Structures are given as structure tokens and as C-alpha cells.
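Subject: Structure for you to look at

Hello,

Here is the structure I promised. Please open it next to this note; what I found follows below.

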Amino acid sequence: MLRAVAAAEQLAILALARADGVPSFAADGTLSTWEVLSQQLVTGLSNGMIIALIAIGYTMVYGIVELINFAHGDLCMLGAFFALTAVGALGMDAWGGAGGTLGLVALLAATAVFCGSLNWTVNRLAYRPLRKASKLSLLVAAIGASFVLVNLGLFWGGMPMEVFSGGNSAAAPKAFPALVEPKPAFTVGDVIVSRPDVLVLCVTLPLMAGLTWLVRFTKLGKAMRAVAQNPTAAALMGIDVERVIGASFFIGGSLGGFAAVVYSIYNQTVGFQMGYRMGMDAFIAAVLGGIGNLPGAVLGGLLIGLVRAMSDGYIEARWTNSVVFGILILILVFRPSGLLGAKLREKV
Amino acid sequence: MAMIRPMIRPIAAVTSALACLTLALAAAPAPQDGAKTLKVFSSLPRTGSANSQTTSIVNGIKMAIEERGGQVDGWTIAYEDLDDASPQKGNWDQNLEAANANKAAKDPACVGYIGTYNSGAAKIAMPILNKAGVVMVSPGNTYPGLTKPGAGEPNEPKIYRPSGKVSYFRVVPTDDIQGAVACEFCVQDLKAKKAFVLHDRELYGKGIADVFKKSAAASGLEVAGFEGVDPKASNYRSLVTKIRSTGADVVFYGGTTQNNAAQILKDLRSGGCKAPFVSPDGTFEKAYIEAAGKDAMSPEAGPVFITFGGLPSEKLTGLGAEFVKKYQAKHGEIPEAYAVYGYEACRVLLDAIDRADAKDRAAILAAVAATKDFRGALGTWSFDENGDTTHRTMSVNTVKDGEFSFVKAVDSGAGKAK
């Protein structure tokens, strides 16, 4: 038999563990079937919105230059590191009230500009010289860019970040401060809609609306659609094709920057390897919705988020990846151009 | 298209393995005069979040060698610190572990291999070193199947001993004891009625979760769910909803810091579940506290407990306390929990080298196996016929103000280990 040796001070800690009464740990045992389902829907939608935001970056670039930009997930990862550094340098976790909200908006904007510029730079340095080369060279360049960005993240993680130091190891995941506290914004029965869930919605919906407006109703949007349809013809009409491509990279990248901040606040963890999973989910979402199609990327993102939540909740967590990839295979077999990929493909 | 990234990874791993090898070769000291040099390798995950833990293990090993002035019985001890983790994985890597074990096996001066940290990595190194007759002493492996017949898969531990001889030893008690201690703590101290058990699907994590589940059945603790999680998922919110819906009053995670233990804890807390979160020694490192952040580990969020197959550094007595003091004087901080195990593993190896009449692999292996009543930093203990330590003191710890804090020691009698 086990012989327990306990001193008084340690028992105090145990008492603390039981302070609010033993049953309180099990207080949630009353979730009804509907409440469980609704809670899973909330989780799935929040995760799906973040995935969708990243998926737009994939799909925009594909729509215009027919490149799967494998570096996109890792770009978001660097955005998260940028946000972590900014928060640490400015001591932003201590900003409360209106200052906090303002700071959050500033953080979102700064990270978006950072990621947009970085994406623009990657395009300028790695992809533009290969514009006339075969698509495969471009793809290999994207994979190379991804490796470079991952290693930049590893390097960044090793830099001393006084306030939120990730410790002594560059590769260790770092805690991102809860700028939006993970407290319930409101509850319906026992279903919790947390403040980060609301944040996700408040950031992603306006961005998607804004992007739709930009692509449909502005001159730049028109130019983007023209380049997507036929770059040569667009050039003949006097459109500066390279400028339009650069703009698409910037916009796609900055959406990734927004996603990075939202992701970091939602999950409260930043690590140099997170880009792979972010990118993979978003890539599947983009293909699922029909790559090159903007509403398709959003639909795909939401579907992936929901499928993940349902699979975790009702099947088993270890099957989730198999379920997601299984659905992708089915879609590609029966609808190769994706859910919204029309026969006459209108890219972007 | 989706396959392109995963295909690149093995190539990257091989390349980095080669790079490490070249570096290691370049850094190797010039051959000593004569043949009076014996070589000891260690293989630990030096890259990634286990780095802080393994750095203190390496420091422990170096201190054990320095204590003897770098010499045993007139022979110079050369030590080389190998890395079995790659930056791409941020975790141990089987290709690197195999490369390290082969390197040690091929080095004629090599008489001992201290490692591994991860039980899964030991699985790779054990048969390679066993064939070569190199004695292996692990400071950190706790998966029972590596040594104990009947504790793991049916063919374990035979498959790790192609030569038929026991050549693997460990100074840390195994998970069949630790898992039972964790379960007993949940039942007796936390008064838990219903547990939700998660694991990372790795050898170590699933192994200890299995033991927990088995002990739970024996002690009347209901297991509301038993699930393997995706250790790279961005969050576990939907799993948390599932846990909440079962009304579990304790959550046990069989897994390591590198496999997202901190993320699971964070999601539990932000998902509104305050149940105590219990995890094994794979999370008993500062990186766990750092990754979880102060909010998720505050007392209001809910209690956190970590079991460990021994006593934390500040609770060690005798030689162990002396070691911690010396370590602090030298490195300016309290060592991580496994440092003393690195120190002990190296000391027991050096002691065996001292006792061996011939300084070759076979004699040293026999001397390690014959270790009886060794007076070490962990107390007085012996290796049993499987290569396990007879030392069986366990502890339960919590986190207070961003530091690990000792809760209680559990001395599991020898009869308990089944």
C-alpha cells in the first residue's frame, strides 16, 4: 500500500485545491445534449473564422498567380511573434479599459501592416523573378520561403523578450497574454460564448465584408479580377500587372496578420511551429471551397472548423485529422474544383 | 499538393542529422595520448522546449565527472553531449537518436551511454547499443515496458535485448508506480469521483495514461473518457466541452510539455472547467509553467498537480542536497528536477568503471549490473535483475507563484509495484 507522508504546509495547498468544495469541480455535469451541440458550434465557428481568414490569403494569391503559397502559414506565425514582441515591449497586457481596446486595434493594424509588407517582400524577392519560370519552380520557391520563415521564427523565439520571455529555449512555445480575458461574454444556459469568441467575430466579419467591397467595387479590385482572368490581356489594357500582384500579396498577408493576432489571443500560445498547422488547415479550407474563390475560402474555413469541433466532440480527437483529410479527398474526387469552384472559374 | 510539406520533413531531418554529426565530429577533442581514455556519451533532446531540463541534466553529468577529477582508476573520462532533437520537430527525432546510438556503438573508446530522456527514443537506441554491448543508463525514461516483462507489449522488453543480456538500466522509478500514485492522489486527496483521461499517443504518455486508467478501475474512480489527442492541435476547445459534459472532477493528461500539456490546461480554464489538472513528470519542467502562463496557473483558475518519480531538487537530503547546493553555487540556480538523475546516472556508471577489473564494455556492463546498495544522491538503492532501480519515492507537486511547489511525498513500497 502507498504510505502517504504529508506535512502541514502541504496540506494547506490541498485544502486550497478543495477550497470551493469538492462538488464544484463537477458543477458542469448538467450540460444537455443541445447545450453540448451549441457549445461545439461556437467553438467550431470561432476556429473556422480564423482558418477562413488565413485561407483567403492562400486563395487570393492562387487566384492571381496560380501559386500555392506554402509560406503563408509561417507568415502568420511571424505575425504572432511580432504581436508578442509588441505587446511585451509596450507592456500592453497591463492596459485596461479603453486604452486596452485602442491598443488592441493598434496591435491588429501594426501586425497587419507587418505581415502585409513581409508577404509583399517575399513576393518581390522570391516569386517575382520566377514569374516566367514553370509553376513547379514557383512552388519550390514557396516551400523554400516557408523554411526561411520557420527558421526566422526559431531565431525570433530565441531573442530575449523581457516581458514575456519564452524562457531559455528558442523552440519552446511562449504564452501570449490574455489581452481579451477568456471570460464569458454571455451565456445561454450553460453554453459559454467567451469574449475571445466575440473578438474573433468582431474582427473577421468586417474584414471579409471589406475585402468583398474592395474586390467588387474598387478600381484595384477590378484590376485584380482582370489580372486573374488573363494577365496578358490585362497588361494590354494598361494595367500594371506586377503592382496588382504585389497588392494582392500585401492584402492577403495583412489578413494573415489579423488572423495571427486573433489566433494568439484566442489560443494564448505562440510557437515557431504553429504556422504549419495554421497553414495546413487553411490550405485544406481553400481547396475545399474551391481554390481561387474568395467566398469559397470562407465557406471552407467555417466547414473545417465545424468538422473539427464535431469530430473532437462526437467521434474521438485522434480521428479528427483523418476525418478532415477524408472529406477533402471526397470533395476532390466528386467535385474537383471545390464546393464553390464554378465551371467557368472566376478567380479571386 | 498537400503531401509536399510532409515529404520535405524527413529530408530536412536527415540533413540536420548530418549537420549535427559533422559539427560533433569537428568539435570532438583531439585523440588523447595512448589508449587510456574511456568515452561516455549522453543523448538527450537539447533542441526544443526540453532544453532547460536537459541542460541541467548535462550539468549534472559534468559535475559527476568533475568530482572525480575527470579520471577513474587512472583512465581519463571523455564526455560528449549528443542531441537527439531536431529544430524541425522541436522534440526528439528517431533518426537522430539512431544516429547517436550508432555513433556510440562504433566508437571503440565508448563504454557508456547516458540517455535517453524520452522513452520512445530509448526504444530506438536500446537494441543498437545492446548488440554492441554498450551499457546504457537512463536518467529520464519511465515507460515500464522498456525493462519489465509483462508491463508493456507482449514482446517487450525482449525485443530491446537482441543479445539476450540486460544492458539498459535506469535510475528513475517507472510509470506503473507513478500512474498508480497519481490515481491514488486523485482518489484520496482530491476526493475525485470521475476522471477524464487524455494522452498524447506516444509511448510514454499513453503508457502512463493506461496505468492511470487501470488503477482507477481498481480504486473505484470512474473513468468518464479516455482519449488520445492531437499533440499539435492549435486548441482543444471542443474536447473541453466534451469533458465538461461528462462532469469529470479531475482531468489527467498522460503527456509532455512538448506535446501541448500547457495548451490543454489553458483551454480547460478558458472553457470554464475548473477541475484539477494532473500531469506526470513529462511536464515537471519550467517550460511547462512558462508555456501555460500565469493566468491558467493561478489558484483561482483551478488546481494543477504534477507527479514526479522522485523528490524535487529542494527536498533532496544527504548527497542529493549537497549536489543541489553545489549546483546552485556553480550555475546560480536551483537545478531542474532531472538534473540529479543525470548526476546519479553518471555517478553509478563511473562507480562501475572504477570497480570493473578490465576497462572494456563487457566488464563495465557486468559491474553496472552488479550495483548493490549504491549510496547515491537519491538514497541507497540497487539495480534489480531487469535494470530498474529499487528506489521508489514519488512526489506530488503543484505550481505556486510561477514556481513548482512541493505538495507531498509518496513512498510506494516495493510490494506495490506489480
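What is the mean pLDDT of chain A, and what share of its residues reach 70 or more? The mean is 86, and 86% of the residues reach that mark. (pLDDT is the predictor's confidence in each residue, from 0 to 100.)

This is a predicted model: local features need pLDDT of at least 70, side-chain atom pairs count only at pLDDT 80 or more, and totals for chains, interfaces and linings use all residues. Residues are numbered from 1 along each chain as its sequence is written, and chains are lettered from A and ligands numbered from 1 in the order in which they are written.

Chain A first. It has 12 helices and five strands (DSSP runs, numbered from the N terminus: helices are H or I, at least four residues; strands are E, at least two). Confidence in chain A is highest in helix α9 (residues 241–267), at a mean of 96. Confidence is lowest in strand β1 (residues 2–5), at 38. Over residues 1–12 of chain A the pLDDT is below 50. Residues 17–24 of chain A also stay under 50. Where pLDDT is low, the predicted coordinates should not be read in detail.

Of the 348 residues in chain A, 51% are buried (20 or more other C-beta atoms within 10 Å of the residue's own, with C-beta atoms placed from the backbone; exposed means 12 or fewer, partly exposed in between).

Now chain B. Helix α2 (residues 51–67) has 17 residues. Its buried residues include B:Asn51, B:Gly60 and B:Ile65. Their cover includes β1 (37–44) and α10 (319–331) of chain B. Just after α2(B), B:Gly69 takes a positive phi of about 65°.

Best wishes

Conventions:
Expected span 1.5 Å × (residues − 1). Contact = placed C-beta atoms within 7 Å.
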